[in-house]
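Let us walk through this structure step by step, beginning with a detail of strand pairing and then widening the view to the chain as a whole.

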Amino acid sequence: MAAKSIISRPVYGTLSPQPGKHHLFVADAEGALAITDLAAKAPDGFFADAHIIFIPGNDSKHVAALEALKPAQFYQGPSFASALPRLKQTLANAHMGLHLYLAGTEGLIGQAMQAALEAGIDHTSIQTEHRGSLARRIQCVHCKGITENVTTQPATCSHCGLLLLVRDHYSRRLAAFQGVCINAEDRSEIPPTEEIFR
Amino acid sequence: MSTGTTKLDVVVSDVVPVNELVTRFHFRRRDGQLLPTFSGGAHVVVEMRDGERTRLNPYSLMGSPLDTREYTISVRRDDVGRGGSLFMHRHVRPGMEMVISYPVNLFSLDLRARKHLMLAGGIGITPFMAQTAQLAAEGGNFELHYTCRTASLGTYADVLKDRYDRRVRLYHDDRDERIELDRLLSSQPLGTHLYVCGPSGMIGWVRDRAAALGWPTETVHFEHFAAPQPGAPFDVTLAVSGKTIRVGEQQSLLEAIEAAGVDPPYLCRGGVCGQCETNVIAHDGKFIHNDHWLSEEEHRCGKKIMPCVSRFEGRSLVLER
């Protein structure tokens, strides 16, 4: 669990069943475990009104456990990007009383939340639980390019090639952490690279 | 001077009877200038000088926020209340000079909402008069459901129907018309915010159903001014100012503190804004908490009181004032 460093750094909780008419889950990889943990605390029939959008990742080991919950709808996709149109469509047709639960990597939680904010859901009413990788999605403040799955500090911008300090400063609107050039004064100065966001 | 309650010197520019219970009052600035800008849902505190006694009652501004040449309030006569509404009905006449507070909004629209769903009961319609005017001017998406006892007591129902047509739905108690609340709440698009103003029973009902149907608390807004309830007189020691005062039967604790020349901060005088929160130094007796500000835990522990609406029964009470 990530510690709070500056005010914009997201802090995640533990999924718990909320009152409501419909329950929409978006999860990737080990995020599935947060859903099965919630299921243990959920009232009977809870998943009869649930829709799960799941991105299994490299293996499909959690798929069976989620299907066993017998949600009204279950979808698995190869990537978040490929599932996004489905998520947006679901949100566009949804009514008040829908609860959104996000579980898994920070990149998934952030991007699903971004779609939810655009659909008019307040971020404070979304349940989140971080599971799995700490890899970050960052935006280079210089070229504005987004680099996915950043695990090192510093990291190289995949667009402009600048060496970036990965900050805890986070944008919900962009669903990304901020990356700022770490050696702007003297580009020949290369600090050691450490893998810290695993 | 109390926080946020800078005063405005106004003159009553018109007094208009609306129906058998409700009268509308118009205020303009005495110096002819424009009044301060406000947003839909704001209220002002009106000072009523009634002989020896000064009453301070909050009323929602009901005019369009786009027109600050005058402020308008509508006052429902309450024959068994504490006398503020009767004073307004009986003594306030065009041309009279009065003092009102700057507007304060504790019931503002959340303009991030995709849609605004408004539920009004009786005189609770007044803040929505301003809010609908504000939203209509900027093309906002709203829907108003208004319940009243009878058509003749449906204050401004005709005006609202005229202005907004099918965006307004009326329900008359005497015709057994009821809001189908569960269906209404379940059919709202994502991103809708809910606003309710009316009798406390209605507010409680709407909040409970909204919570049960999965509406997040930050999407449910309510205006819940409780008028101070009368009660048995009690004595209070104000430790900071070194005074002992008696709170009369028809007087609120806040009014009694003010009458003793102590000026605590206040904004709403209705138990919702939190400004007049006061620390209790010692007590021997029982609190009668009527506010919507302190938590249940704070109500239990007896270390704080909201003097605008809450009372005390018992031997002694010492406040940090």
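In which sense, parallel or antiparallel, do E9(A) and strand E10 (residues 163-171) of chain A pair? In this predicted model, E9(A) and E10(A) run in the antiparallel sense, and their pairing extends over 2 bridges. Within this part of the chain, Ala155(A) is found opposite Leu164(A), a residue of E10(A).

These two strands belong to an open sheet of chain A that has 5 strands, arranged in the order E7-E6-E11-E10-E9 with mixed pairing. Strand E7 (146-150) and strand E9 (155-156) of chain A each have a single partner strand and stand at the edges, so that one side of each is left without a neighbour in the sheet.

Turning to the chain as a whole, the domain assignment divides chain A into domain 1, which covers 22-130, and domain 2, which covers 136-195. The C-alpha centres of domain 1 of chain A and domain 2 of chain A are 29 Å apart, and where the two meet, 8 residues of domain 1 are in contact with 5 residues of domain 2. On the side of domain 1 of chain A that touches domain 2, the residues comprise 5 polar, 2 nonpolar and 1 charged.

In the model, the span of residues 5-126 of chain A is 34% helix and 20% strand, while its end C-alpha atoms lie 21 Å apart.

Key
Residues are numbered from 1 along each chain as its sequence is written. Chains are lettered from A and ligands numbered from 1 in the order in which they are written. This is a predicted model: local features need pLDDT of at least 70, side-chain atom pairs count only at pLDDT 80 or more; totals for chains, interfaces and linings use all residues. Helices (H or I, at least four residues) and strands (E, at least two) are DSSP runs, numbered from the N terminus. Domain bounds come from an automatic or database domain assignment. Two residues are in contact if their C-beta atoms, placed from the backbone, lie within 7 Å. Ala, Val, Leu, Ile, Met, Phe, Trp, Tyr, Cys and Pro count as nonpolar, Asp, Glu, Lys and Arg as charged, and the others, Gly among them, as polar. Two strands pair if DSSP finds at least two bridges between them.
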